[in-house]
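Let's take a friendly walk through this structure, pocket by pocket. Please keep the viewer open as you read.

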Amino acid sequence: MRKLSVKTIVAIAIGAALFFVLGRYVAIPSPVPNTTICIQYGLLAFMAAVYGPVAGLLIGFIGHFFIDFSWGWGVWYSWVIASAFFGGAMGLLTRKTALDEGVFAKKDMVTFVVGTVVAHLLAWAVVAPVLDILIYAEPANKVFLQGLVSAASNIVTTLILGLILCYAYAAAKPKAGSLNKE
């Protein structure tokens, strides 16, 4: 197994902390019980695109764990695992982007958009509800409704915030060969 760099470990710690703060204090209630409109997934998708699937997985897992833990009703591992799945999937799906080189081309944007839709649908319409049923014996109609509402709202918020973060990050990075020796 490849060791994580210090830079990646620091990014995981900062990413998990930001994920927690956004998920705990900036969550918007939805009409479906126990379901919120979240903006932390835009940050998670961006961090996964920059630092890779392991960082994305760990940021999602650690951040969501502490969100649930802080509420005091217990940790819902089905949703913690779904957040980790989303982060890991986005890291895999966006691994060929060149954000660190200051590039966020149209093909990268398309990859980010398609990755966001696919990863959220799998995480919230499959992983979370199936694990809710298997782990907690929750009723299928309830958890699939929660999952679909979460997938839809997370797709929208991730696309808005995630694309802005990726574009701004790439724009702030110097392009290779952009500096000339005088």
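The lining of the second largest pocket divides into nine nonpolar, five polar and three charged residues, where Ala, Val, Leu, Ile, Met, Phe, Trp, Tyr, Cys and Pro count as nonpolar, Asp, Glu, Lys and Arg as charged, and the others, Gly among them, as polar. This is a predicted model, in which local features need pLDDT of at least 70 and side-chain atom pairs pLDDT 80 or more, while totals for chains, interfaces and linings use all residues. Residues are numbered from 1 along each chain as its sequence is written, and side-chain values use heavy atoms, with hydrogens and water left out.

A pocket here is an open set of points on a 1 Å grid over the protein atoms alone, where a 1.4 Å probe fits, with protein on both sides within 12 Å along at least five of seven lines; lining residues have an atom within 4 Å of a point. In the second largest pocket, 17 residues form the lining, and Arg-2, Tyr-51, Gly-52, Pro-53 and Val-54 lie nearest the centre. Helix α2 gives the most to this lining, with four residues.

Now turn to the largest pocket, with a volume of about 560 Å³, meaning the space filled by probe spheres set on grid points joined across faces, edges and corners. It has 23 lining residues, and Asn-34, Thr-35, Asp-68, Trp-73 and Trp-79 are the closest to its centre. Here α6 gives the most, with five residues; helices are DSSP runs (H or I, at least four residues), numbered from the N terminus.

How values were computed. Helices (H or I, at least four residues) and strands (E, at least two) are DSSP runs, numbered from the N terminus.
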